[in-house]
Each structure stands twice: as C-alpha cells, then as structure tokens.
Amino acid sequence: VRGQNLLFGYFTEVFEAEVKAAKAEGKYSEGVSDLSGSNIHIAYTKTVLKDPMGSGAELRHSRVLIDRGVSFDKAKEILDAQRRLPKDGFYRMRREMYGRTQVILALAKPGARNTFSIYRPNTGASFFEMDVEELDTKYRKYEDGDEELARRPWAQTYELTERGCM
C-alpha cells in the first residue's frame, strides 16, 4: 500500500505540474462542461481504448453536432410572442462584419425598458444583456413591416455557422 501511495503521489505531482504548464501556455482545456443548443445529436461514437484488464471500461471518441443558433422563422415566432415595446424587433449592425450584414433580435427585458435580451442567428439567446444606449449606438432597427428584410442576412449567418464558426 505504501508503494501505491508513493506512486499515486508522484502521478498527482506530475499531473498538477503538467496542468499548470498547459494553463501558462494557454493550451489547457477542462473538456466539455456543458452543451447547449436547439438541436444536438451524436454523429458517431467509436471506441478508442478498452481496459486490457477486463473491467469493461472504455475510452470513446464521439462527434457531437450542435445547432446553437436560431432560424429566422423561430426568431420571428419569439418576437411575435414576446413583443411588448416599440424598440423590440430585428436590428442590423451599423457596420458590416466579415463582409456581411449582421442581424440581431432585441427584446426588452420584462420590468425593464432600457435593457434588452439579445438573440443571434449563430448563437441563439445571449447570456449577456444589452442596454438601450449600446443597442442604438451599434445597431439600426428594421422598421415594423420591414422585418422580412432581416430574413436574408439572418439566414446567411445561420446557415454559414451551422457546421462552423464565424
């Protein structure tokens, strides 16, 4: 048992040193902690390693496909269900990004007139809120009735990021 404790102690020290070095070099990853999206499925799973001692333990590699974004039709449904104030609606960024028009959906937070929940075609609901000053500085609202003009740039971003990042 003493030998096992020494070996485990050595392993722990080496592991901690490796993690510390990886963090310092910016190469450390804790792995997958949480997956969120509207459509998640496993494309494939393959066994990489099996325990040779017969415990049944396996190391598996899986490819997980995640649709993190929101389609235009779903965004329109969200807007129709939650619109409360005149400033609620689709907005386009005042400057192009990556050579394309960037579009968001902004909805006033319940109980707040100057704080907005944000939805994007490539990431869905944002964890971060936006205040009205930032919204007005960075974005221009599509007028009511012209919201269909947001469909094309929204769909382009949504489709572009379905299998990759911007």
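The chat below goes from the overall fold to single residues.

User: Before we start, what kind of model is this, and how are residues numbered?

Analyst: This is a predicted model, in which local features need pLDDT of at least 70 and side-chain atom pairs count only at pLDDT 80 or more, while totals for chains, interfaces and linings use all residues. Residues are numbered from 1 along each chain as its sequence is written, and side-chain values use heavy atoms, with hydrogens and water left out.

User: Ok, how many helices and strands does the protein have?

Analyst: There are 4 helices and 8 strands, where helices (H or I, at least four residues) and strands (E, at least two) are DSSP runs numbered from the N terminus. Read from the N terminus on, the order of the elements is α-β-β-α-β-β-β-β-β-α-β-α.

User: And what is its radius of gyration, next to that of a compact globule?

Analyst: The protein has a radius of gyration of 23 Å, whereas a compact globule of 166 residues would have one near 15 Å; the radius is taken over C-alpha atoms, and the globule rule is 2.2 Å times the number of residues to the power 0.38. Along the principal axes, the C-alpha atoms fill a box of roughly 75 × 35 × 30 Å.

User: How much of it is buried?

Analyst: Buried residues make up 25% of the 166 residues, with buried meaning under 20% relative accessible area, exposed over 50%, and partly exposed in between (1.4 Å probe, protein chains only). The protein exposes about 12100 Å², of which carbon and sulfur atoms supply 52%; these areas come from the Shrake-Rupley method with a 1.4 Å probe, and for residues only the protein chains shown count as cover.

User: Switching topic, how many salt bridges does a search find?

Analyst: A search of the whole structure finds 10 salt bridges, each being a side-chain nitrogen of Lys or Arg within 4 Å of a carboxyl oxygen of Asp or Glu. One of them pairs Glu 147 with Arg 83, at 3.2 Å from N to O. This pair links distant parts of the chain, since Glu 147 sits in the loop between β8 (139-141) and α4 (151-160) and Arg 83 in the loop between α2 (72-82) and β3 (89-93), 64 residues apart.

User: Is Glu 147 buried or exposed?

Analyst: Glu 147 counts as buried because its relative accessibility is 5%, while Arg 83, at 32%, counts as partly exposed.

User: What else does Glu 147 touch?

Analyst: Leaving aside neighbours within four places in sequence, Glu 147 is in contact (heavy atoms within 4.5 Å) with residues including Phe 72, Lys 76, Leu 79 and Tyr 142.

User: Which other salt bridge ties together separate parts of the chain?

Analyst: Asp 136 forms a salt bridge with Lys 87, and their closest N and O atoms are 2.9 Å apart. Asp 136 lies in helix α3 (residues 132-138) and Lys 87 in the loop between α2 and β3, so this pair ties together parts that are 49 residues apart in sequence. Asp 136 is partly exposed at 34% relative accessibility, and Lys 87 is partly exposed at 31%. There is also a network, in which salt bridges that share partners join Lys 76, Asp 80, Arg 83 and Glu 147.

User: Now Ala 108, where is it and what does it touch?

Analyst: Ala 108 is in strand β4 (residues 103-108), and Ala 108 counts as buried because its relative accessible area is 6%. Not counting residues up to four places away in sequence, Ala 108 touches Arg 84, Leu 85, Asp 88, Thr 115 and Phe 116. Ala 108 and Leu 85 are 23 residues apart in sequence, and their C-alpha atoms are 7.0 Å apart in space.

User: Last one, what does the side chain of Ser 55 reach?

Analyst: Ser 55 is found in the loop between β1 (39-50) and β2 (58-67), and Ser 55 is exposed, with a relative accessible area of 53%. The side chain of Ser 55 reaches the backbone nitrogen of Ala 57 at 3.2 Å, and the side chain of Ser 55 also makes a polar contact with the side chain of Asp 51 at 2.4 Å. A polar contact is a pair of N or O atoms within 3.5 Å; within protein, one must be able to donate a hydrogen and the other to accept it, and residues adjacent in sequence count only if both atoms are side-chain atoms.
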